[in-house]
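Trainee: Could you walk me through reading salt bridges in a model? I'd like the general idea and then the case at hand.

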Amino acid sequence: QRPLRWGRMGLTPSFAINWQSSALANHDFGVPNRNATTERPAYRLGDTPSVEAGLGLSIRFTANWSILVYARLEQLDSEVAESPIVSEDYLVKGFAAVSTLL
């Protein structure tokens, strides 16, 4: 991340490479044998990488009040996207907050 400032406004582009271990990838996206059905076959993953890009916006309204908004898009690894419980090959993430100093 690297913030760019213009007066009371800041823009923060970000880029990340994520890595999930096989254990975590299987917890999030795998289908263990005990949960498999004819419509949802068992599925096991190895370690999986993903790439994420995003943009954040911060605006300071007064010396004490500001708003923060972030949006990120994560491109999932093809091994994750092929899981029977995954319908897209990307994730959209967002965050918004109002901040004050009292």
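Mentor: Here is a short tour of the salt bridges.

Mentor: First, this is a predicted model, where local features need pLDDT of at least 70, side-chain atom pairs count only at pLDDT 80 or more, and totals for chains, interfaces and linings use all residues. Residues are numbered from 1 along each chain as its sequence is written, and side-chain values use heavy atoms, with hydrogens and water left out.

Trainee: What counts as a salt bridge?

Mentor: Side chains of opposite charge can pair when their charged atoms come close. The cut-off is a side-chain nitrogen of Lys or Arg within 4 Å of a carboxyl oxygen of Asp or Glu.

Trainee: How many salt bridges does the structure hold?

Mentor: Three. Arg72 pairs with Glu52 at 3.7 Å, N to O. That joins strand 4 (residues 65-75) to strand 3 (residues 48-60), with the partners 20 residues apart. Strands here are DSSP runs of E, at least two residues, numbered from the N terminus.

Trainee: And which residues does Lys93 pair with?

Mentor: Glu52, at 3.0 Å from N to O; this pair links strand 5 (residues 90-100) with strand 3, 41 residues apart. Lys93 also bridges to Glu74, with the closest N and O atoms 2.8 Å apart. Lys93 lies in strand 5 and Glu74 in strand 4, so this pair ties together parts 19 residues apart in sequence.

Trainee: Is Glu52 buried or exposed?

Mentor: Buried (under 20% relative accessible area; exposed is over 50%, partly exposed in between, with a 1.4 Å probe and protein chains only), at 10%. Glu74 is buried, also at 10%, while Arg72 is partly exposed at 26% and Lys93 partly exposed at 33%.

Trainee: Which residues make up the network?

Mentor: Glu52, Arg72, Glu74 and Lys93, linked by salt bridges.

Definitions and conventions. Helices (H or I, at least four residues) and strands (E, at least two) are DSSP runs, numbered from the N terminus.
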